[in-house]
Amino acid sequence: MSDLSPAERSQLEAIIGEHGFFSWLGIEIETIEHGRVVLRVPYDEKFTNLVPGGEANVHGGVAATLVDTASGFALRSTFENPQGAALTTTDLNVSYLRPATDDLTVEAEVVRAGGSMGVTDATVSSIAPSGEEKDVAVGRTSYRLFREGR
């Protein structure tokens with residue numbers, strides 16, 4: 001997959017900076033290529049569970065948000081104008097594998113970006129208490145794509 005142009009990357013970075021929820025989460029872009037995105041969210045206690053004994057664990061909703069967000073950005077990268085791309089999530093499936101207790105990284109890759117539908121796969125990872133990086137969630141999304149002329 002090829003890298004996006006600096007202008008295309010800048011357009012996608014602007015979306016994160018201007019979006020209140022994304023900036024509140026502290027989402028950082030690590031990689032943006034055509035059809036592939038890697039995002040990172042630094043660990044913050046405000047994201048943890050309220051469950052006794054699970055206070056250090058990141059709430060699963062943060063991982064689900066990352067699956068959806070990274071997937072949307074991966075699909076946006078397939079549009080001629082990524083910043084002006086119009087799409088909406090039609091299905092989001094997340095399977096949790098283990099608790100996340102550190103920064104979260106998500107990699108989303110486009111499976112198919114058609115004229116009106118797109119599908120992505122995503123994996124969320126975190127550093128485990130043992131110190132090694134482990135997958136904490138996997139997800140698949142589908143989107144309705146609103147391409148010009150369709």
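Modeller: Here are the labels, each with its grounds. Keep in mind that this is a predicted model.

Colleague: Start with the overall layout. How many helices and strands are there, and in what pattern?

Modeller: The protein chain has three helices and six strands. Along the sequence they read α-α-β-β-α-β-β-β-β.

Colleague: What makes β1 and β2 a pair?

Modeller: Two strands pair if DSSP finds at least two bridges between them. Strand β1 (residues 28-33) and strand β2 (residues 36-41) are joined by five, so they qualify. They run antiparallel. T31 stands opposite V38 in β2, and E33 has R36 as its bridge partner. Two residues lie between the strands of this hairpin, where G35 takes a positive phi near 85°.

Colleague: And what joins β2 to β4?

Modeller: Six bridges, again against a requirement of at least two, so this is a pair as well. The two strands run antiparallel. L39 has V106 in β4 as its bridge partner.

Colleague: How do you know that β4 and β5 pair?

Modeller: By the same test: nine bridges, where at least two are needed, so the pairing holds. Its sense is antiparallel. T105 is bridged to S125 in β5.

Colleague: What is the strand order in the sheet?

Modeller: The order is β1-β2-β4-β5-β6-β3, an open sheet of six strands with antiparallel pairing. The twist from one strand to the next averages 20°.

Colleague: Why are β1 and β3 called edge strands?

Modeller: Each has a single partner strand, so one side of each is left without a neighbour in the sheet.

Colleague: Why do you call β2 largely enclosed?

Modeller: Buried means under 20% relative accessible area. Six of the six residues of β2 are buried, so the rest of the structure largely encloses this strand.

Colleague: Why is S77 counted as buried?

Modeller: The cut-off is under 20%. S77 has 2% relative accessibility, so it counts as buried. S77 sits in the loop between α3 (60-76) and β3 (86-96).

Colleague: Which residues touch the most others in the largest nonpolar core?

Modeller: I27, L39, L87, L104, V106 and V124, out of 33 residues. α2 (20-25), β1, β2, α3, β4 (104-113), β5 (117-127) and β6 (133-146) each supply at least two residues. α3 gives the most, with eight. In soluble globular proteins, nonpolar side chains tend to be buried together.

Colleague: What does V124 contact, beyond its neighbours within four places in sequence?

Modeller: Its contacts are A63, V67, L104, T105, V106, K134, D135, V136 and A137.

Key. Residues are numbered from 1 along each chain as its sequence is written. This is a predicted model: local features need pLDDT of at least 70, side-chain atom pairs count only at pLDDT 80 or more; totals for chains, interfaces and linings use all residues. Side-chain values use heavy atoms; hydrogens and water are left out. Helices (H or I, at least four residues) and strands (E, at least two) are DSSP runs, numbered from the N terminus. Buried means under 20% relative accessible area, exposed over 50%, partly exposed in between (1.4 Å probe, protein chains only). A nonpolar core is a set of buried Ala, Val, Leu, Ile, Met, Phe, Trp, Tyr and Cys residues joined through side-chain atoms within 4.5 Å. Contact means heavy atoms within 4.5 Å. Axes are lines fitted to C-alpha atoms, for helices over the stretch in contact, and angles run from 0 to 180 degrees between N-to-C directions.
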